[in-house]
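Please load the model in your viewer and keep the selection tool at hand. The stops below each name what to select and then what is there.

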Amino acid sequence: MDRFGPSTLVEAGAEKLIFDAGRGAMQRLHQLAIPFADITGVFLTHHHSDHVVGFVDLWLTGWIGRPWGQRRSPLRIWGPDGTNQMMEHLPKAFHVDIRVRSHSYPVDGVKLDSGEIKEGIVFDRSGVKVTAFEVDHGGEQLPAFGYRIDFQGRSAVLSGDTTFNENLIEHAQGTDLLIHEVTAFSGNAAESAGQLKRISSNHTTPDQAAIVFHRVKPKLAVYNHLLLFGEARAEDLIPLTRTGYTGPLVVGEDLMQIDIGSETSIRRFEPQG
Ligand SMILES: [Zn+2]
């Protein structure tokens, strides 16, 4: 319950962009007291369900006319092949709810405006540039992207789901912040050896991440999307990475906020009241 699904909010200038909408994305946004109407775009890294099951909640709850919703204009979504199909079918699946609530709320607010992306610049508005780059989700055989966000000479890179990937290293050069997925296992796992082998070949182990961080040299590296098996714990991840990387590294937490300015600083969430 402390770690909901993958979803990263990037605030830069006038833009509030959400990358992936895993389980609980809506609840976490609400904890930050950010109304959904303020979200200016959603980007999907890939279509694995753990990265998208929170989307419906963001989309529909964000339309409802309460203070945390109130979206009045179509929601923009960018993602790999399959995104247009999903965004075309979701309104059909929820057509009863949409029909009924359209009497109360502006119909434009529930519309979905999607685009399928290729590697390159996919968003460039008010000084915020988002570049998608292909990553390698191993044997999963689905299109998967990482994203780089640039604004006023500062940048952040999100790995999405990937195994060790040279293209990520190339696109992440010079970044302030690199948020990278990770997997680790030790001891007796409930999964079979075959399953573990498959999972680790689709994701990045700490010793592989160490090579990525060492070659990118971000001002700060952060682990997210922790896939831990057997007796592996979050506390093990940094020691396991120290074999090949000595720079700044933290294990991400839900609602952790990272400010990228002349310095890069981390704030942990403190519940109000
Ligand atoms: Zn995945």
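**From a hairpin to a cavity to a helix**

In this predicted model, begin with strands β1 and β2, which form a hairpin with two residues between them, and pick out Gly13 in the turn, where phi is positive at about 55°. Strand β1 (residues 8-12) runs antiparallel to β2 and is joined to it by five bridges, and if you select Ala12 you will find its bridge partner in β2, Glu15.

Next, select β2 itself (residues 15-19), where four of the five residues are buried, so the strand is largely enclosed by the rest of the structure.

Of the 15 residues that line the largest cavity, select Thr8, Asp20, Thr45, Gly160 and Asn224, which lie nearest its centre. The lining has four nonpolar, eight polar and three charged residues, and β10 and β11 each supply at least two residues of it.

Finally, select helix α7 (residues 206-216) and colour its buried residues, Pro206, Ala209, Ala210, Val212, Phe213 and Val216. They cover an arc of only 165° around the axis, which puts them on the same side of α7. These buried residues pack against α5 (166-171), β10 (177-186), β11 (220-230), α8 (237-241) and β12 (249-251). Just after α7, end at Lys217, which takes a positive phi of about 50°.

Methods: Residues numbered from 1 in each chain as written. Predicted model: local features only at pLDDT ≥ 70, side-chain atom pairs only at ≥ 80, totals over all residues. Heavy atoms only, no water. Buried < 20%, exposed > 50% of the residue type's maximum accessible area, 1.4 Å probe, protein only. Arc of directions from axis to C-beta. Contact = heavy atoms within 4.5 Å. 1 Å grid on protein atoms, 1.4 Å probe; cavity = no way out; pocket = protein on both sides within 12 Å on 5 of 7 lines; lining within 4 Å. Nonpolar A, V, L, I, M, F, W, Y, C, P; charged D, E, K, R; others polar. Pairing = 2+ DSSP bridges.
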